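This report describes one protein chain from its computed geometry. It starts with a single residue and then widens to the whole chain.

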Amino acid sequence: MFAGGILGILALLFSLGSLICFVIVLIKQFQDAGAIQGIIGIITCGIWTFIWGWMNASRLNIKNIMLIWTALLVIGIILRVILFSTVGVPYPAGTPVRP
């Protein structure tokens, strides 16, 4: 398996972990702040849920989940940057020949 495949699988696993954290915090958001806040969290693709989670992390005792979610997001972004900056870059075939 080539490096892009391994990085792709790792990026996928970090995304899955991030999705799980999102769902956990979204459930807390629905329970604590109500349906409107939960729906806004879904519509904004998790950005508001992430912000809301950090704003209420201590009060709702979800600080560990938020730390894990943050780490998964940061590492996932780094993996994607590495993956997409290397995919499609051909290896040099040698000295170019000029006609």
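C21 is buried, with a relative accessible area of 7%; buried means under 20% relative accessible area, exposed over 50%, and partly exposed in between (1.4 Å probe, protein chains only). The model is predicted: local features need pLDDT of at least 70, side-chain atom pairs count only at pLDDT 80 or more, and totals for chains, interfaces and linings use all residues. Residues are numbered from 1 along each chain as its sequence is written, and side-chain values use heavy atoms, with hydrogens and water left out.

Apart from neighbours within four places in sequence, C21 touches I65, I68, W69 and L72, where a contact means heavy atoms within 4.5 Å. C21 also belongs to the largest nonpolar core, which has eleven residues: C21, F22, V25, L26, W52, A57, L60, I62, M66, W69 and L72. Such a core is a set of buried Ala, Val, Leu, Ile, Met, Phe, Trp, Tyr and Cys residues joined through side-chain atoms within 4.5 Å. Two or more residues of this core come from each of α1, α4 and α5 (63-86). The most, four residues, come from α1.

Another cysteine, C45, is exposed, with a relative accessible area of 71%. C45 sits in the loop between α2 (35-43) and α3 (47-55). A disulfide is a covalent bond between the sulfur atoms of two cysteines. With the rule that the two sulfur atoms must lie within 2.5 Å, the count is zero disulfides.

Most residues other than glycine have a negative phi. C45, which is not a glycine, has a positive phi of about 60 degrees. For N61, also a residue other than glycine, phi is positive and near 60 degrees. N61 lies in the loop between α4 and α5 and is exposed at 69% relative accessible area.

How many salt bridges does a search of the whole structure find? The search finds one, a salt bridge being a side-chain nitrogen of Lys or Arg within 4 Å of a carboxyl oxygen of Asp or Glu. It joins the side chains of D32 and R59, at 2.7 Å from N to O. D32 is in helix α1 and R59 in helix α4 (residues 57-60), so the pair ties together parts that are 27 residues apart in sequence.

| Residue | Relative accessibility | Class |
|---|---|---|
| D32 | 36% | partly exposed |
| R59 | 52% | exposed |
| I27 | 45% | partly exposed |

I27 is found in helix α1 (residues 3-33). I27 is also one of the residues of a nonpolar surface patch of about 840 Å², made with I6, I9, L10, L13, L16, L19, I20, V23 and I24. Patches are made of residues with over 30% relative accessible area and no salt bridge; like charges are joined within 9 Å, and nonpolar side chains (Val, Leu, Ile, Met, Phe, Trp, Tyr) within 5 Å.

The protein chain as a whole has five helices and zero strands, in the order α-α-α-α-α along the sequence. Helices (H or I, at least four residues) and strands (E, at least two) are DSSP runs, numbered from the N terminus. Of its 99 residues, 27% count as buried. The chain exposes about 7,000 Å², and carbon and sulfur atoms supply 76% of it; accessible areas come from the Shrake-Rupley method with a 1.4 Å probe, and for residues only the protein chains shown count as cover. Among contacts with a separation of 6 or more, residues 24 or more positions apart account for 49%.
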